[in-house]
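Me: I am new to this structure and would like to go through it in a few questions. Please show it first.

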Amino acid sequence: MLSLAEKLPPSRLAQMRDGWWRKRTYLYVTPGEVLVERALAGFPEDVRALARRCRVIRTDARGGGGFYPDRNEVELAAGVETYEGLRQVELSCCHELFHYICWNDERYRADEDQGFPYLRRAVFASRALLDGFPRYRAWVTGSFLRQGDHANPVEYFADIPTNFRDTAELPPPIRAHFAPLIDGAALPYDLARRPDWKIDPRSLELVVFQRWLAGRD
Ligand SMILES: [Zn+2]
């Protein structure tokens, strides 16, 4: 029924959703375990195996969700399928699961614990390369950076695998950093090593990260 409803003209679909919400109806709620499989279809087997350990709790709400590191669990509103769409629920779940993966994959957790020096370096090294990767450039400037304070390294980490299933669309330094999670390529460096390059403390500010993402110095 939901997939049929999604084929209706947008105004008609919005009307139906209004009617459902008046009765607090969720037409279809994918169970967490099933949703993990659908959200990560096509990702490398080791990534999927790790994500299967994550509990995805469907909460009684129309929209919203998040990863809770203290509980190591994902919450996702039961209304996402009905009120945002069947495709959207997979993307939202994928995003939250990559927060879980950043926190639970030993390699990437080591980078996060150090303040993301390797991720920042990949973004820095990609500044001058954006023109060669138009879909990435359009996404980063037209969508990601529009989120203000939310456009931080943690959110960037979860968004790259969610939005780029083909690593050829990413500038090479960013591709190298994320490819193990997307197509199973090996990481070219050890994220647990202390950086052997100089890091200016001012470069750790969010505005600098955002400036580098936008392709500026
Ligand atoms: Zn997030």
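Reply: A helix here is a DSSP run of H or I with at least four residues, and helices are numbered from the N terminus. The model is a predicted one.

Me: Which helix gives the largest share of the lining of the largest pocket?

Reply: The largest pocket holds about 300 Å³ of space. Its lining has 19 residues, and those closest to its centre are Q88, L91, S92, H95 and D159. Two or more lining residues come from each of α5 (80-84), α6 and α10 (153-163). The largest share, 5 residues, is that of α6.

Me: Are helices α6 and α7 roughly parallel or roughly perpendicular to each other?

Reply: Helix α6 covers residues 86-104 and helix α7 residues 106-113; their axes come within 5 Å and cross at roughly 85 degrees. Angles of 65 to 115 degrees count as roughly perpendicular. The two helices, α6 and α7, are therefore roughly perpendicular.

Me: Which residues of α7 does α6 meet?

Reply: On the α6 side, the residues are C102, W103 and N104. By class, this contact has 3 nonpolar, 1 polar and 3 charged residues. The α7 residues are E106, Y108, R109 and E112.

Me: Which helix gives the largest share of the lining of the second largest pocket?

Reply: About 180 Å³ of space lies in this pocket. Its lining includes P117, R120, R121 and F124, as well as W197 and W212. The largest share, 4 residues, comes from residues 117-125, helix α8.

Technical notes. Residues numbered from 1 in each chain as written. Predicted model: local features only at pLDDT ≥ 70, side-chain atom pairs only at ≥ 80, totals over all residues. Heavy atoms only, no water. Axes fitted to C-alpha atoms, helices over the stretch in contact; angles between N-to-C directions. Parallel < 35°, antiparallel > 145°, perpendicular 65-115°, else oblique. Contact = heavy atoms within 4.5 Å. Nonpolar A, V, L, I, M, F, W, Y, C, P; charged D, E, K, R; others polar. 1 Å grid on protein atoms, 1.4 Å probe; cavity = no way out; pocket = protein on both sides within 12 Å on 5 of 7 lines; lining within 4 Å. Points joined across faces, edges and corners; volume = space filled by probe spheres on them.
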